[in-house]
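Here is my notebook from an afternoon with a new model. Have it open beside you and follow along.

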Amino acid sequence: MVHSRRDFLKTTSAAAAAAGLSTLNASPAAASPAPPYSAGPSPSAADPTLKELALRALDAARSAGAEYADVRISAGRTQNVFTREARVQGISDNESLGFGVRTLVGGAWGFAASADLTPDEVVRVARQAVAQARANQKALVRPVVLAPAPVVPNGVWRSPARIDPFTVPLAEKVELLLAANQAALKVKGARFVNSRLFFLRDEKTYANTDGSMIVQTIFRTQPSVNVTAVAADNSDFQSRQSTDVQPMGLGYEHVLDARLAENATRWAEEAVQKLSAKPVDVGQYDLVLHPSHLWLTIHEAIAHPTELDRAMGYEANYAGTSFVAPPEKVLGQLKYGPEFMNVQGDRSQEGSLAACGWDDDGVAPETFLIIKNGVFNDYQTTREQAPWLDWWYAKQGIPVRSHGCSYAQSWADVQFQRMPNVSLLPGEQDLVWDDLIAATDRGIAIVGEGSFSIDQQRYNAQFGGQLFYEIRNGKVVGMLKDVAYQMRTPQFWNAMDMMGGKRSYVLGGAFNDGKGQPSQSNAVSHGCVPTRHRGINVINTGRKA
Amino acid sequence: MSAPRSLLAPARYLSREESESVAKRALGFAKADQTRITIDSGGQGNTRFAVNQISTAGDNYNAVVTILSSFGTRSGSVTTNRLDDEGLRRAVQSAEELARLAPEDPEAMPELGPQRYAESTGWSDATAALDPTGRAEMVRRVTSASLSAGLQSTGYLESEAGATAVANSKGLFAYSRQTGAAMTTTVRTADGTGSGWAGAAANDVSQIDAAALAARALEKARRSAKPVAVEPGRYTVVLEPTAVGNLVQLLAFALNARNADEGRSFFSKQGGGTKIGEKVLDERVTLVSDPASPLAPSSTFTGEGLPVERTTWIENGVVKNLAYDRYWAQKQGTRPVPLGGSLLMSGGDQSIEELIASTERGILVTRFWYIRPVDPRTILYTGLTRDGTFLIENGKVTRAVKNLRFNESPVFMLNNLVGMGQPVRVSASEDGGVSRGVVVPPIKTRDFNFTSLSDAI
């Protein structure tokens, strides 16, 4: 799932402390500014004392009886600059330093974490994780067995950020946002505008008892703008979010490339146009979906149901299970979509949010096909999970190994299976957005992600969007509003009959992919091309208050 | 650290004295015109279980300090979890550096002077003392019942204990300790055709009866097996308290006065202004928030140190208050009204059995899920029923039905009210974590809008 941007306020201070660790889904409008740091030495992941502390924690875990242990030390920084109209609402920096130790004792996991990065505390926490694993071991039915993974004695990886956002002067960031706001407000009818820059840099040191020692520096950047137009008599209001600018695993260059001020005029014009758009007539339509919209449908209706822990029932209490189950009945058999549909899992696309050198199990991620020629081919896995599919890998003649999908949102959270980038690969024909519209007699074109909701097995979903255009005889004839489509996942993908080619491939994505208890936020990209889907059910969401 | 610490005890937090000392040290480094220090410290412990055994668990401790520095109307904020002198000094310097670089803020409000606060009653020693062994014990009450019934239990238990302090350069100091616990379980039949849920939340974990939760979820799992399809459409529904909480809390998000004044809210009045004074819900509905609620006590101050008091949002269906931040309150010539404290809804005297017995044909809903906004003009949301959805025919629950997607607003739902029961505290967050208290009754309402059918179990 993707977290709601309006998840209910946490009220206890422990929750607030925990929320300080994970600023990824923090609302820019939150009452107390949370998140980074502008000056002074933040500990670098390459710092030899961090490696020493990591080894000390591993030794303590081993001496206390752990058969396996790993430790993650993280020095994270985030920065939020958020504005409305001519006003800067907040500038907040956040730094969080801490470590977590995971232990395996008699096949049961334990995990403990602390912000006090001292030689005594790493030992105490490692022992605490072992003691907790022993408490968890008592009702064990199926012990954890880890798939083998190559030892990485000295791994180093860094996001391909050209400009470290934390080195860019604040004044420049403020100026850029206020210029975008000003451009939006020049458009007649655009009454409000919010804009925001969010940056993250995480320096992670990972070590495990197999002998791996890995240092990685991750960058993430998200510029965003939201324009609201209000009817003169307050009878209607409509917003346009800047969904054609997506979050990326890049540096400040992504902000510059987004050309917010230039685009803000158009976003504002579109918000105003929405006020006079025609309410949609309910019915079945051919949908032409823009990549800025489709990525979220892929996220919800392909990426989540192909998580192996969901398929095996491990997430039943929150995120849910999956219709792509049980594995023995769907692997190599389930027809997910047309033959030209191929979906890839990877953590290597340049600038993607899930990109890394090694996952939080210390495994170098693979690029693998989740859907191959329209048929379900593989699940997302970690070292714990890959052995569950040993029969399938034996049948394929490939070794049992993790795809590298282990991730924890912060040092305070235990790692578990999270989706990599999950992307719909381009079609062979060199088609673009306009080609799909030109080929459509009666349909609706949808741009940008909007409202979204899907059931706990990922069958029934409903998606809105930012902009909706009526297509008649191959042409856009006007704007629609109050549009949402409802779908049943397998039918929806099997109703796909056209897709764009390489030229129209775009990376969308989210910082707020939620899963697990306690719920953790994952950041992933979803690459895709425009697609067309025949005969999809469209509802009208407008009601009179 | 104040609490006794065994190897397993999760309850670490900063005492009042420790918080004061951190605040004093930080304020001592400050050179800004005004400085506010917020300190959140605490531990969280959690245990997950799946397929009838513990899967993962975690215990963590953190203490986070936020510095808000202002020079005139320029301000900047820095958060750090490095509480030594060097860490605090650097955080203060960085916040002041950001503040100097920030533009003038026409909406800046001065820091508050010292305030008086009611003592918070949100602390429980039992919750603070809960350790992984205690959590494993509670979990085992569910997993062993499920195992012996041949069912599959999955679930989550979370406990938190921590403290919040706010201090500023004008001498304001506020401190409160809170605990919270939540336990939820989803039990599925071995063939995967049935799923039942139960959950509870409390400040005091000893008020959560794991065995009772297990019994409810097991019973629901069995009864929900092999559901049949019904036509989507408008139904009379009997909503269990959790389902009511899932939707009623959405109203709270919309209570922002400024959005209403600006014409971008359900609470905007056509032609200008807000709907304060207008009747928007059934006259039996009263909605308040109260930090002193015995069922769901919470902090008595906000992040800027403003006291949180009992506030009536809706009284007998009429809008009484909207939430005003200090700037907007001043601009509109009213007093600030923070959106703090637990959310409490009025109830009635009917039992859920009575609500069912008086229903000729309807749907009984255990809970809703993946609830996301569709249209803020009407507070319209979409989402689905989950883990226990049943058909009511001639006053009786007759069979399990497939899950349904709704497109509905708590506004319409609470206008179409038929009857209500006794309010109880529910675990209303989708993720099962400790969150703001929600105390709501079971209700019966008509014309609830289900728009499609789901095959998900």
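**Entry 1: a helix.** I started with helix α6 of chain A and listed its buried residues: Leu260(A), Ala264(A), Trp267(A), Ala268(A), Glu270(A), Ala271(A), Val272(A) and Lys274(A). Buried here means that 20 or more other C-beta atoms lie within 10 Å of the residue's own, exposed means 12 or fewer, and partly exposed is in between, with C-beta atoms placed from the backbone. Helices (H or I, at least four residues) and strands (E, at least two) are DSSP runs, numbered from the N terminus. I recalled that an α-helix has 3.6 residues a turn, so residues three or four places apart point the same way.

Next I checked the length of α6(A), which covers residues 260-275. Its 16 residues should span 22 Å at 1.5 Å a residue, and the end C-alpha atoms are 23 Å apart, which agrees. The expected span is 1.5 Å times one less than the number of residues.

**Entry 2: ground rules.** I noted that this is a predicted model, where local features need pLDDT of at least 70, side-chain atom pairs count only at pLDDT 80 or more, and totals for chains, interfaces and linings use all residues. Residues are numbered from 1 along each chain as its sequence is written, while chains are lettered from A and ligands numbered from 1 in the order in which they are written.

**Entry 3: chain A as a whole.** I found twelve helices and 23 strands in chain A. Buried residues make up 64% of its 545 residues. Its C-alpha atoms fill a box of roughly 70 × 55 × 40 Å along the principal axes. For 545 residues, a compact globule would have a radius of gyration near 24 Å, and chain A has 24 Å, which agrees. That radius is taken over C-alpha atoms, and the globule rule is 2.2 Å times the number of residues to the power 0.38.

**Entry 4: strand β23.** Which strands pair with β23(A), residues 531-540? I call two strands paired if DSSP finds at least two bridges between them.

- Strand β9(A) (residues 283-289) pairs with β23(A) in the antiparallel sense over six bridges, and Leu287(A) has His533(A) as its bridge partner.
- Strand β19(A) (residues 483-488) is antiparallel to β23(A) over four bridges, with Tyr485(A) opposite Val538(A).
- Strand β20(A) (residues 496-499) is antiparallel to β23(A) over three bridges, with Met498(A) opposite Arg532(A).

**Entry 5: an open sheet.** I traced four strands of chain A in the order β12-β11-β10-β15, with antiparallel pairing. Strands β12 (375-376) and β15 (421-424) stand at the edges with a single partner strand each, so one side of each has no neighbour in the sheet. Between β10(A) (residues 343-346) and β15(A) I found four bridges, and Gln344(A) partners Ser423(A).

**Entry 6: one residue.** Is Ile437(A) buried or partly exposed? It has 18 C-beta neighbours inside 10 Å, so it counts as partly exposed. Ile437(A) sits in helix α11(A), residues 433-438. Beyond its neighbours within four places in sequence, Ile437(A) is in contact with Val288(A), Ala445(A), Ile471(A), Gly474(A) and Val476(A). Contact means C-beta atoms, placed from the backbone, within 7 Å.

**Entry 7: where the chains meet.** I looked up the contact, which takes 109 residues from chain B and 96 residues from chain A. Strand β2 of chain B (residues 53-71) gives the largest share of chain B's side, 13 residues. Three bridges join strand β2 of chain A (residues 87-105) to strand β3 of chain B (residues 74-80), and these run parallel. There Asn94(A) has Thr79(B) as its bridge partner.

Note on methods:
Contact = placed C-beta atoms within 7 Å.
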